[in-house]
Amino acid sequence: MAFLKPLDKNLHPDLASDFAIFEEILGFVPNSLLTMQRRPDIVKGFGVLTKAVMSPDGEVDLGFKRLLAHFASRAAGCQYCEAHSLVAAKIHGISDEKLEAVWEYHSSELYTDAERVALDYALAAGSVPNTVDQPLMDRMQQHWSDDQIVEILGAICLYGFLNRWNDSMATELEDVPTAVGEKILAKGGWDGKRHK
């Protein structure tokens, strides 16, 4: 059960455009933002950061950025964000087959070497303490430009905020991400209990 109840999405009409950003990303307004709207400026600030990090003008695929967010959330242990990020990955073009192979990314032919190292990087950057080291950065720089690495880390850090928020609030999972968690993530030990 959530520690704070989400508020009605129509409570602050001035947040409609901010909520629209997340409806586009997920297909709904997440309970995290409906709780966060107790301080509307936090929602607005987070919306600005999200638009910058998840810009379609970037060099890193939008769906893949959501997979990076998934792995960072996995490292942090936030099952709410693990499920949400896979919903967003699918909406932004990651195939069902690739999502279902997420637990086997190291061996699945659906993942490239560049993707594998970036997902390793997301796990290391999302861990506490952080485990990014020079050999991992060397591997990253074999596949990704410095600009792309900044974009990749932006996606990881964006979800770092959400990981802390949602686990600290025990934010209740919505139906769509719950179904994704039960279908795909349960194979790897996901149970979503903190968020039900």
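Predicted model: local features only at pLDDT ≥ 70, side-chain atom pairs only at ≥ 80, totals over all residues.
Leaving aside neighbours within four places in sequence, Ser32 makes contact with Tyr80, Trp165, Asn166 and Thr171.

- Ser32 is found in helix H2, and because its relative accessibility is 3%, where buried means under 20%, Ser32 counts as buried.
- Among the contacts of Ser32 are Tyr80 and Asn166, and these two residues also take part in the contact between helices H5 and H9, Tyr80 on the H5 side and Asn166 on the H9 side.
- Leu34 lies in helix H2 as well, a helix that covers residues 31-36, and with a relative accessible area of 11% Leu34 is likewise buried.
- When residues up to four places away in sequence are not counted, Leu34 touches Pro6, Leu7, Asp8, Lys9, Phe19 and Val29.

**Helix H5 against helix H9**

- The axes of helix H5, residues 79-91, and helix H9, residues 146-169, come within 8 Å of each other and cross at roughly 130°.
- Angles of 65 to 115 degrees count as roughly perpendicular and those over 145 as roughly antiparallel, so the two helices, H5 and H9, are oblique to each other.
- On the H5 side the contact is made by Gln79, Tyr80, Cys81 and Ser85, and on the H9 side by Tyr159, Leu162, Asn163, Asn166 and Asp167.
- By residue class, the contact of H5 with H9 divides into four nonpolar residues, four polar residues and one charged residue.

**The largest pocket**

- The largest pocket holds about 190 Å³ of space, and its lining consists of Ile21, Glu24, Ile25, Thr50, Lys51, Met54, Ser55, Pro56, Leu62, Arg66 and His92.
- Three elements, helix H1 (16-26), helix H3 (40-53) and helix H4 (62-76), each give two or more residues to the lining of the largest pocket.
- Helix H1 supplies the largest share of that lining, with three residues.
- In terms of residue class, the lining of the largest pocket divides into five nonpolar, three polar and three charged residues.

Notes:
Residues numbered from 1 in each chain as written. Heavy atoms only, no water. Axes fitted to C-alpha atoms, helices over the stretch in contact; angles between N-to-C directions. Helix = DSSP H or I, 4+ residues; strand = E, 2+ residues; numbered from the N terminus. Parallel < 35°, antiparallel > 145°, perpendicular 65-115°, else oblique. Contact = heavy atoms within 4.5 Å. Nonpolar A, V, L, I, M, F, W, Y, C, P; charged D, E, K, R; others polar. Buried < 20%, exposed > 50% of the residue type's maximum accessible area, 1.4 Å probe, protein only. 1 Å grid on protein atoms, 1.4 Å probe; cavity = no way out; pocket = protein on both sides within 12 Å on 5 of 7 lines; lining within 4 Å. Points joined across faces, edges and corners; volume = space filled by probe spheres on them.
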